[in-house]
Amino acid sequence: MVDQTTPDEHAVVPFLRAGPPPDRTRWEGWQQWRKIRDTFVPAPHLTLAEHQYLSPRRRALHDLHRTATHVNMRLQETPMSMRVANLMRGRLQNNAMKFMPGTRDGLMINGGGFQGKTETACDAAASFEDVRRNIHHQLLPGRTPGTRDVFVPVAYCRLPVRATPKGLCKAILNVYGDPHPGTLDDLVRAVRDAIRDHHTSALLIDDVTRLRLHREDDQDTLDLIRELMDLNVTLVLIGVDIPGSGLLRGAYVDPRTGQWVFPDVKNGKNHEAMAATQTGRRFDMVDLDPFDYSTLAGITAFLDHLAGIEEQLRLLRSFTGMLTTGEMPEYLFDRTRGVVGLLRRLIEDGCAEAITTREERLTKELLARTTIHLGNLNDLDEGAGEIPEIPQDVTSPQPESPRKRGRNTVLDDRGERPAAGD
Ligand SMILES: Nc1ncnc2c1ncn2[C@@H]1O[C@H](COP(=O)(O)OP(=O)(O)O)[C@@H](O)[C@H]1O
Ligand SMILES: [Mg+2]
């Protein structure tokens, strides 16, 4: 009931968080994020009548809570994200169990901007860490409370726009809050020491395709990536169009395993010798794709995702099937080309509009007025292909208009039912 679920008149507001969001690229921020990542409590479901019955202050608070709910929707498993996450968790766990020194097979996560690479990888790494910390706790009991936590099983860093090899080393050292020596050799040494001292077993380098590979730094960069692979960590490289970025120069695909192999140039071993001994630095490449609206399985996955979003919305006039029935799914697909991040932006902004205008439900007409904003573009590297193309001039599908593509009607008969209390 209303009285049990809404904050009372003078209580602190539990869903508001003070301060900036945690910075995952520093170990303290990563820890903070890891612990709170699943703790957001969405606003309670209220009917229109219950909402009207609230005092003005409570109604305002509830609206704030609804807004917080719409901009903090949880990550949903999609078939595409599940594939990436499973591969990554499996790889991290297997590698972390290896006792022998030597290179660990790495992972490259490839996909266009806003397709969920960062969030999928961070979530998989965090759940790996949850398990790892638990074990570490058993292995090393009795750590002194209040001392600096030197155990950093996962290091997550992001490259700045137009990064150089030194920039990459600094980004890694920043995770640990370590100082930056002046020369590249010293930086690499410091990175190696930090990874060893903090028992890091997974090193995630996000936006790795920001490394510019058309200047004299090229060879330095490629050498550095090789050096990182030689540390006892699982290297996870995340980027847009990794194959086209130049990062794989000198590498080849082992036809037997499908893995990318980086030969050791300095030792002068040739491809055949490397493949024959199964050694070398090996990477699996996995693509994180957008939803696909051309197959039944793809449409089903997209509808499941929409149903998951719908369930999280707190609009007072929403109804079951608001996003999943009629022409809405196809319209949402056309607006976003099935890119999860664009869909999220559209829904967030649409909900804000629906609350402001008191329409309190999402319709094609309302969404047609909603522009997809990508947020802070300074944070994105256009040259590295991070800004996705946003479809423009998408018209509402009209039943009688000529179709650009045969609409799949297999899943159309779910029926529109009004929500209880509407
Ligand atoms: N599986 C998912 N379910 C719901 N939202 C997602 C999912 N994956 C990504 N998102 C959202 O999409 C947006 C873009 O994701 P992000 O990981 O930053 O993409 P990328 O790193 O590929 O550019 C973020 O707001 C993120 O929360
Ligand atoms: Mg990203």
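Predicted model: local features only at pLDDT ≥ 70, side-chain atom pairs only at ≥ 80, totals over all residues.
Biologist: OK, so is Gln-392 buried or exposed?

Modeller: Gln-392 has a relative accessible area of 60%, so it counts as exposed. You'll find Gln-392 in the segment after helix H14, which spans 364–368.

Biologist: Which backbone oxygen lies 3.2 Å from a polar atom of its side chain?

Modeller: That's the backbone oxygen of Ile-390. There's also Thr-371, 21 residues from Gln-392 in sequence, with 9.3 Å between their C-alpha atoms.

Biologist: Switching to the inside. Which residues have the most contacts in the largest nonpolar core?

Modeller: Met-88, Leu-323, Leu-332, Ile-347 and Leu-362, in a core of 58 residues. Helix H13 supplies the largest share of this core, seven residues.

Biologist: And what does Leu-362 touch, skipping residues up to four places away in sequence?

Modeller: Quite a list, including Leu-313, Leu-315, Met-322, Leu-323 and Ile-347. Gly-350, Cys-351 and Ala-354 are among its contacts too.

Biologist: Met-322 is on that list. Where is Met-322 placed?

Modeller: Met-322 sits in the loop between H11 and helix H12, the latter covering 328–336. Its relative accessibility is 3%, so Met-322 is buried.

Biologist: What is Met-322 in contact with, leaving aside neighbours within four places?

Modeller: Glu-310, Leu-313, Leu-315, Met-328, Arg-361 and Leu-362. As for Thr-363, it is 41 residues from Met-322 along the chain, yet their C-alpha atoms are separated by 7.9 Å.

Biologist: Back to H13. How do the axes of H11 and H13 cross?

Modeller: The axes of H11 (residues 296–312) and H13 (residues 340–356) come within 12 Å and cross at roughly 35 degrees. The crossing is right-handed.

Biologist: Which residues meet there?

Modeller: From H11, Phe-302, His-305, Leu-306 and Ile-309; from H13, Val-340, Leu-343 and Ile-347. Sorted by class, the contact has six nonpolar residues, one polar and no charged ones.

Biologist: Last one: is Ser-81 buried or exposed?

Modeller: Ser-81 has a relative accessible area of 11%, so it's buried. Ser-81 belongs to helix H5, residues 79–96. Setting aside neighbours within four places in sequence, Ser-81 is in contact with Gln-76, Thr-120 and Leu-288.

Definitions and conventions. Residues numbered from 1 in each chain as written. Chains lettered and ligands numbered in written order. Heavy atoms only, no water. Axes fitted to C-alpha atoms, helices over the stretch in contact; angles between N-to-C directions. Helix = DSSP H or I, 4+ residues; strand = E, 2+ residues; numbered from the N terminus. Left-handed = near helix turned anticlockwise from the far one by under 90°. Contact = heavy atoms within 4.5 Å. Nonpolar A, V, L, I, M, F, W, Y, C, P; charged D, E, K, R; others polar. Buried < 20%, exposed > 50% of the residue type's maximum accessible area, 1.4 Å probe, protein only. Polar contact = N/O pair within 3.5 Å; in protein donor to acceptor, adjacent residues only side chain to side chain. Core = buried A, V, L, I, M, F, W, Y, C linked by side-chain atoms within 4.5 Å.
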